[in-house]
Amino acid sequence: MNLNRIFLLVLLALLRTNGLAQLPDSCKLNFGTNLGGLADWGTELPFVDMMHNSRQWYTKDVDNPNYPWDSGAADSLSYRSDGYPTHIPQQIAGRTYLQRVATVWAITDGWQSGEYVVLWDGTGALEFWGSMSNVQQTSTNRMTFQLPNPAGGIIQLTIMASAAGDPVHNIRVLKSDFENSYQQEPFNPVWLDKLLVFKSVRFMDWGATNNWGQTEPWTWNSPDLHGWDERAGMDYYTWANNKGIPYEMMIRLMNDFDLDGWVCVPHNADNEFIHDMAQLFYDNLEPERRLTVEYSNEIWNWMFGQTQWLNQYGCVNQGLSWPEGIVPYIQNCMDIWTDVFGANSNRLKRAVGVQTAWLDVSQRITFNMEVGSFDLVSPTYYFGLSNETLEAELDALGSQATVADVAQRVRQSREEAEKPWMQAIKSELADPLGLPMAFYEGGQHITPNPFGEEPTYAQALLDIQRDTTMYNLYNEWFTFMRTLQSGDSPLHCMNFSFIGQRSARYGSWGILETMDQDTALIPAPKYKALMENMFPGCFDMTFVDVHPARPQLKVFPNPACSYTNIDLSGLQPVIRIEVIDLKGKQAAEYRPPFPRLFRLDLSQFKEEIYLINVLFTDGSQSSLKLMRAE
């Protein structure tokens, strides 16, 4: 082989590795976000029907003078397939008192204040207790109550009576604004307003992936797999359980709001389940939507039931080493999804999750997968206190520890641990496989050791979540991550997590603490850093108060790059929408009929645009001013 040919081959290899053209720094990272699972105490409330995030039933003694909060008989009652009791009260053998069922929302800080409507089907009676007021029965199957301003406190709902021939079911708890629209528009507009700045979402927690179907994380009865008929049901009374939110709602969110998605297949799903799940997404997801599939979640993390289950039945019982024994489960899942999508495989990305901090285990999983059976190597991009010595130093400082003390040790940990780990995943795993990385989770992971215990330096952990230091830590981290990108495709990075309250014991995961957080009053440095890294050079939109009596226009995403949605609901008829450029000339005009959400494609305008005017039948107008986001 002559030297010219050798030179040409080397050059081609370099071009394949580095890309024909390197992306500018502003385009090297592409962010999506994980969505939080439902919980009665959560502040991420994606649905207008609050019954979806109610706690699972517990029981109340009827006429017990001691009246314990939970009589502990829930597992002994008889239920319908939708989870509602067949009748109330019920007599349980060996118990003195008849039993009713109740549910609770322990924290309502994320709820909106105002009037709520409670609707149900069937014959029976409900009772409310807690921080609400003015509870009224307005008709046979309708009640209302008021939630204070600001919202907060506890709400308990008890089914006092339910007829055996026509039991209470399909309970809905709605802010009165949504009583007539919740079926057509099930998603919470306050949640959407913040969410839709992202173009992709991961449904790991929506699907209750960790410990799926297990009442206790480390307790199971057999290696039996679950069939498709055991999945989360649309009519089940609460989705805050160990099956999660139905796949149909994931598909609807993606289709309705043009989002790409990332789904996780339960670890203990049988082949029918895996196939029918793939088929459901294939048949119902819009072809334009891109989907990533992953087998379970963190199947090397010993705090999760799926890791314990897979080790027992995939390794110990088969006489195979760990983690090699779990590879057939991943392979089987990827193969079934591949078969379902077939010739339309461009709609699907198959990700194999790897542990960033444990290269050997990650290699022993991915290197044993069949070549060509997956598309993405998927690590995390967390940073925190990975060095236990550094965490111990903070523990010694105790209540005297400051934000600066935490940040200094986080930066040291990144240099000693997280950066080398991530560089090794790229150079010693992804690159040899010739596959791109896509980060399934990431962000700050500043938690105590051991996890779940209140640290002596708790206040510093809470304070840093609202401090400018956190903003700086994120920007520094993103600068490093850009060094891992090569070629002409950005690194796909799924933030963890979207909305969640601060906790020194269990981690402050949310980039926002509540859905309606006023960041001018309560800083959100993680959110600010993400937005600025996502939208360099895009548009910030602000309402121009042209007509004082006109309701302020609501738009999302904001900031926006390629498109935005204008919410026209609740406004008088719109006769025209026009787009004005910087020279004052009309760049586009739109006429009725208009949908409730009017989607405006911003990428179509060659000239810089300045105003979006919405004109009404009474001759007035509302306007949005566009400015380049810095």
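Predicted model: local features only at pLDDT ≥ 70, side-chain atom pairs only at ≥ 80, totals over all residues.
Residues are numbered from 1 along each chain as its sequence is written, and side-chain values use heavy atoms, with hydrogens and water left out.

Start with everything selected, as a cartoon. You'll find twelve helices and 26 strands; these are DSSP runs numbered from the N terminus, with at least four residues (H or I) for a helix and at least two (E) for a strand. Zoom out: the C-alpha trace spans about 95 × 75 × 60 Å along its principal axes.

Now colour by burial. Of the 630 residues, 54% count as buried, meaning under 20% relative accessible area with a 1.4 Å probe, protein chains only.

Next, select residues 388-397, helix H8, and residues 403-433, helix H9. Their axes come within 10 Å and cross at roughly 170 degrees; axes are lines fitted to C-alpha atoms over the stretch in contact, and angles run from 0 to 180 degrees between N-to-C directions. H8 and H9 are therefore roughly antiparallel, the term for angles over 145 degrees.

Finally, show side chains. Which residues of H8 meet H9? Look for Leu390, Glu393, Leu394 and Leu397, which meet Asp405, Val406, Arg409, Gln412, Ser413 and Glu416 in H9; contact means heavy atoms within 4.5 Å.

Conventions:
Parallel < 35°, antiparallel > 145°, perpendicular 65-115°, else oblique. Buried < 20%, exposed > 50% of the residue type's maximum accessible area, 1.4 Å probe, protein only.
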